[in-house]
Amino acid sequence: MQKNKSHATNPPLLSPAGIFAYQAEGFIGDYQRLVRDTVVPYQYSVLCDKAPDTEKSHVIQNFKNAGALLRGEGAADGFYGMVFQDSDAAKWLEAAAYLLSLFPDKELEKTADEVIDLIAAAQDEDGYLNTYYTLKDKNRRWSNLQEGHELYCSGHMMEAACAYYEATGKKKLLHVMEKNAEHIYSHFIVEGHEGYPGHPEIELALLRLYRATGNEHCFALAEHFINIRGVDSHFYEKEAARRGWNIWNSNPSNREYTQCHLPVRSQSDAVGHAVRAVYLYTGMADLASMTGDKELFAACKRLWESITERRMYITGGIGSTVIGEAFTVDYDLPCDTAYAETCASIGLMFFASKMLENEIDGRYADVMERAFYNTVLAGMQLDGKRFFYVNPLEVTPGISGVSPTHLHDLPARPGWYACACCPPNAARLISSLGKYAYGENKDTAFCHLFAAGKVALSNGMRFFCKTEYPYGFTVRYEIEKGGNLAIRIPAYSPDFQLEINGAALPEGSPSYRLERGYVWLKVKDNDVITLTLDDAPYFVYASSKIPQLTGKAALCRGPLVYCFEGTDNGGDVLSLSIGNAQRDGKIPVPVPESEKAALKEGLPENAVVLSLDAERKAGTDSLYTNTRPGVTPCRVTAIPYYTWGNRGENQMRVWMDLS
């Protein structure tokens, strides 16, 4: 084992706020308490096969069986589940770790310790850890990197180990995963076996494990996997020919699907499996920030622009096709067959956060915010017990989830999945949101997202953020310990008001500067900074290069994308158009309090519902007709996209016709 204090030749511009740095209140705090009270306990019951009416998981039993087999006791029912089933436990543990840092809980800690004991017992003497291969075929270890997900599972468990150590100070899982990393290092570096991860994830995890342990082998292994990817772009074809067996019969010749068509520094377009892509890009951006690798960061910027300027939904969803859960081509963003996996938007947030560690630019945080408040939150039902894997922007019951072309776009959230990557991923992201909302360097606090609560940074700065965001647009920072403060100004709010201790600061004031989407201020102890953003609803129009969105508009307010559900609009939103509101220059308005009760049943109490003028085309029973349909003026209601699907199955649409 080799250790050193820091391998970075170019220390990151900023680091995420530490795990203990943020105690949330308000909107984010409510979600974190939902994860604590409902999501994590429910998901643990699923992992233990105790939750009613859900897909069998067998995750905990897999670890028990693997440990028993290694002890020579036999495994009663072997392995069950996906090849990456171990990662569900890892993500659950990571979420539990973040919760323990926010809400100390002896019972949850005891449960997590018991899971860690099972994981440790399932580790082979040489450091190998994977229940699928331990239970099914030990002789096939490391022979199917394309499909086997061994490195992916190790990566998630490394992240869990780091989080649990940071939250509790306990090192058992950390030692397990450092031993696992040494095993992987020996296989790929010392013994010189070829290959790189079929599903990237371990790259970013190894860098995190390096920071937690100082183990130089972790850094070297992450760098190795990133540097060799795509150098031999035919590796998976050669591997498939050697092994003569497969798990999913994946096509080893589809090199773009696995992001190995080119060395990473030569890649320009986001291609292939969307989750794999953004996990890889996150690792690349993290490595670039640690080493000052300008060529690697330039590649990250090209890939970021490919995603956000040509291949991303307005909701922050990415991956537009069910075929391979993948990116397709520029401007191919269908609404009713969208894939937009919850995990992909979580990965996009990871990527955005690491891009911010390379350079402070508001566009990264804007996308991080868009992905979180829309696709990520939409992936979980408001009660925390049901989940979307796929996040469409248009749903029609009877077609969605029924037609062969729409089977993946469900009109209601299932309780669980055989492939259950998204639910625990959402839990760990929500419970660790402070790391994405705030960042720091030696003398500056960075406020990327507007999250109410107490913030205490390792550079000594401390402050309290008060806000009702995303429904309220005043953000107040009460400074306990001063320094430099950089606050993002969202792109949707070019007009804003800034006050220090009650005195307005006009644009151009020498007391602050506005640069690349951030206001930079020098703040003193006991200062109060008040930022007021634009709360007016606004319309968004798509590029004419997106064929499905020609002649349509979407409604937004702040970071929230809105949608129209049949429940609020006579059961039918497909016949609606919002063109008259545009022509008359009428801005949508929040529904008056006196009218909210009926509309908001089943929606969050604090949700702002919007009302606007529209037109409804008359329906016809004929499949086609020569008669132009009549049009009737009407008033329609829009709700935040993340809240859709909580009031029964009904039509839903984000992009509305303009008449």
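# Exercises on a predicted model

Helix 1 (residues 26–47) packs against helix 3 (residues 86–102) with an angle of about 150° and axes 10 Å apart. The exercises below concern a predicted model.

**Exercise 1.** Determine how helix 1 and helix 3 are oriented, and state which residues make their contact.

*Solution.* Two packed helices are described by the angle between their axes and the distance between the axes.

Step 1. For helix 1 and helix 3 the angle is about 150° and the axes lie 10 Å apart. Angles over 145 degrees count as roughly antiparallel, so helix 1 is roughly antiparallel to helix 3.

Step 2. The crossing of these two helices, helix 1 and helix 3, is left-handed.

Step 3. Helix 1 contributes Gln32, Val35, Arg36, Val40, Gln43, Tyr44 and Leu47 to the contact, while helix 3 contributes Asp88, Ala89, Trp92, Ala95, Leu99 and Leu102.

Step 4. Sorted by class, the contact of helix 1 with helix 3 holds nine nonpolar, two polar and two charged residues.

**Exercise 2.** Carry out the analysis for helix 7 (residues 172–190) and helix 9 (residues 216–228).

*Solution.* 

Step 1. The angle between helix 7 and helix 9 is about 50°, and their axes are 10 Å apart. This angle makes helix 7 oblique to helix 9.

Step 2. Helix 7 passes helix 9 in a left-handed crossing.

Step 3. On helix 7 the contact residues are Ala181, Glu182, Ile184, Tyr185, Phe188 and Ile189; on helix 9 they are His217, Cys218, Ala220, Leu221, His224 and Phe225.

Step 4. By class, nine nonpolar, two polar and one charged residues form the contact of helix 7 with helix 9.

**Exercise 3.** Describe the open sheet of seven strands and identify the strands at its edges.

*Solution.* Strands of a sheet pair through backbone hydrogen bonds, either parallel or antiparallel.

Step 1. The seven strands follow the order 2-6-7-8-14-10-11, with antiparallel pairing.

Step 2. The edges are strand 2 (22–24) and strand 11 (503–504); each has a single partner strand, so one side of each lacks a neighbour in the sheet.

Step 3. Within this order, strand 7 (residues 462–467) and strand 8 (residues 474–481) run antiparallel and are joined by six bridges. Phe463 has Ile479 of strand 8 as its bridge partner.

Step 4. The loop between strand 7 and strand 8 contains Pro470. The peptide bond from Tyr469 to Pro470 is cis, with omega near 15°.

**Exercise 4.** Find how many bridges join strand 21 (residues 631–640) to strand 17 (residues 560–565) and to strand 20 (residues 610–617).

*Solution.* 

Step 1. Strand 17 and strand 21 run antiparallel and are joined by two bridges. The bridge partner of Cys563 in strand 21 is Ile639.

Step 2. Eight bridges join strand 20 to strand 21, again in an antiparallel arrangement. Here Lys617 stands opposite Val631 of strand 21.

**Exercise 5.** Locate His58 and describe its phi value.

*Solution.* His58 lies in the loop between helix 1 and helix 2 (59–70). Its phi is near 70°, a positive value in a residue other than glycine.

Technical notes. Residues numbered from 1 in each chain as written. Predicted model: local features only at pLDDT ≥ 70, side-chain atom pairs only at ≥ 80, totals over all residues. Heavy atoms only, no water. Axes fitted to C-alpha atoms, helices over the stretch in contact; angles between N-to-C directions. Helix = DSSP H or I, 4+ residues; strand = E, 2+ residues; numbered from the N terminus. Parallel < 35°, antiparallel > 145°, perpendicular 65-115°, else oblique. Left-handed = near helix turned anticlockwise from the far one by under 90°. Contact = heavy atoms within 4.5 Å. Nonpolar A, V, L, I, M, F, W, Y, C, P; charged D, E, K, R; others polar. Pairing = 2+ DSSP bridges.
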